[in-house]
Amino acid sequence: AVVSTQSTGEFGTLEGAVTPIVVDMNMFPKIRKELVSAGLALILFAFGIGFCSGGGEYMVAIFDYYGMNIPVLILALSECIAVGWVFGTDNMSKAIEDMQGTKPSKFFTICWKYISPAL
């Protein structure tokens, strides 16, 4: 049951990545969506098989040390700046109000604009 649940989640993730590429951006107009999904799954499988080999623990350590510290911080800072300054706190508040029916408090707008980017 665990393998079935995990594989279902992976198929959903793969479908979420392939659909915008094939349908929305129309990057592969002459290739069926199933073939693009299979190709991407094979590429990701080949990439992931290295983590299961004898040196897999070393590869995880390399990715953890070099790949996940600064890039994630830069991405988080970029998102904070995008929400607080580019998209704007007023637009964000209005979007949340449209989705939930209530406007977020002033505390959140201050956090989006000043506190979160400063951290």
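Which residues make the nonpolar surface patch of about 860 Å²? They are Leu77, Ile81, Trp85, Val86, Ile110, Tyr114, Ile115 and Leu119.

Ground rules before we go on. This is a predicted model, where local features need pLDDT of at least 70, side-chain atom pairs count only at pLDDT 80 or more, and totals for chains, interfaces and linings use all residues. Residues are numbered from 1 along each chain as its sequence is written, and side-chain values use heavy atoms, with hydrogens and water left out.

Back to the patch. Patch members have over 30% relative accessible area and no salt bridge; like charges are joined within 9 Å, and nonpolar side chains (Val, Leu, Ile, Met, Phe, Trp, Tyr) within 5 Å. Areas are Shrake-Rupley with a 1.4 Å probe, and for residues only the protein chains shown count as cover. Helix H4, residues 70-100, and helix H5, residues 106-118, each supply at least two residues of the patch. Helices are DSSP runs of H or I with at least four residues, strands are runs of E with at least two, and numbering starts at the N terminus. H4 gives the largest share of the patch, 4 residues.

Take one member, Ile115. Ile115 sits in helix H5. The cut-offs are under 20% for buried, over 50% for exposed, and partly exposed in between, with a 1.4 Å probe and protein chains only.

Now the pockets. On a 1 Å grid over the protein atoms alone, a pocket is an open set of points with protein on both sides within 12 Å along at least five of seven lines, whereas in a cavity a 1.4 Å probe fits but cannot get out. Lining residues have an atom within 4 Å of a point. Points are joined across faces, edges and corners, and the volume is the space filled by probe spheres set on them.

The largest pocket holds about 270 Å³. Its lining is Glu10, Phe11, Thr13, Leu14, Ala41, Leu44, Phe45, Phe47, Gly48 and Ile49. Helix H1 (2-24) and helix H2 (33-52) each supply at least two of the lining residues. H2 gives the most, with 6 residues. By class, the lining has 7 nonpolar, 2 polar and 1 charged residues. Here nonpolar means Ala, Val, Leu, Ile, Met, Phe, Trp, Tyr, Cys and Pro; charged means Asp, Glu, Lys and Arg; the others, Gly among them, are polar.

The second largest pocket has a volume of about 180 Å³. Among its lining residues are Thr89, Asp90, Lys103, Lys106, Ile110 and Tyr114. H4 and H5 are the elements that give two or more residues to this lining. H5 gives the most, with 5 residues. By class, this lining has 3 nonpolar, 4 polar and 4 charged residues.

Next, charged pairs. How many salt bridges does a search of the whole structure find? The search finds 2. The criterion is a side-chain nitrogen of Lys or Arg within 4 Å of a carboxyl oxygen of Asp or Glu. Lys33 is partly exposed at 26%. Glu15 is partly exposed at 33%. Glu34 and Arg32 meet in a salt bridge too, at 3.3 Å, N to O. Arg32 counts as exposed, because its relative accessibility is 54%.

Last, two distances. Tyr65 lies in helix H3, residues 56-67, and is exposed at 55%. From Tyr65 to Glu15 is 29 Å, C-alpha to C-alpha, across 50 residues of sequence. Pro29 lies in the loop between H1 and H2, and is exposed at 58%. Pro29 and Gly50 are 21 residues apart in sequence and 32 Å apart in space, C-alpha to C-alpha.
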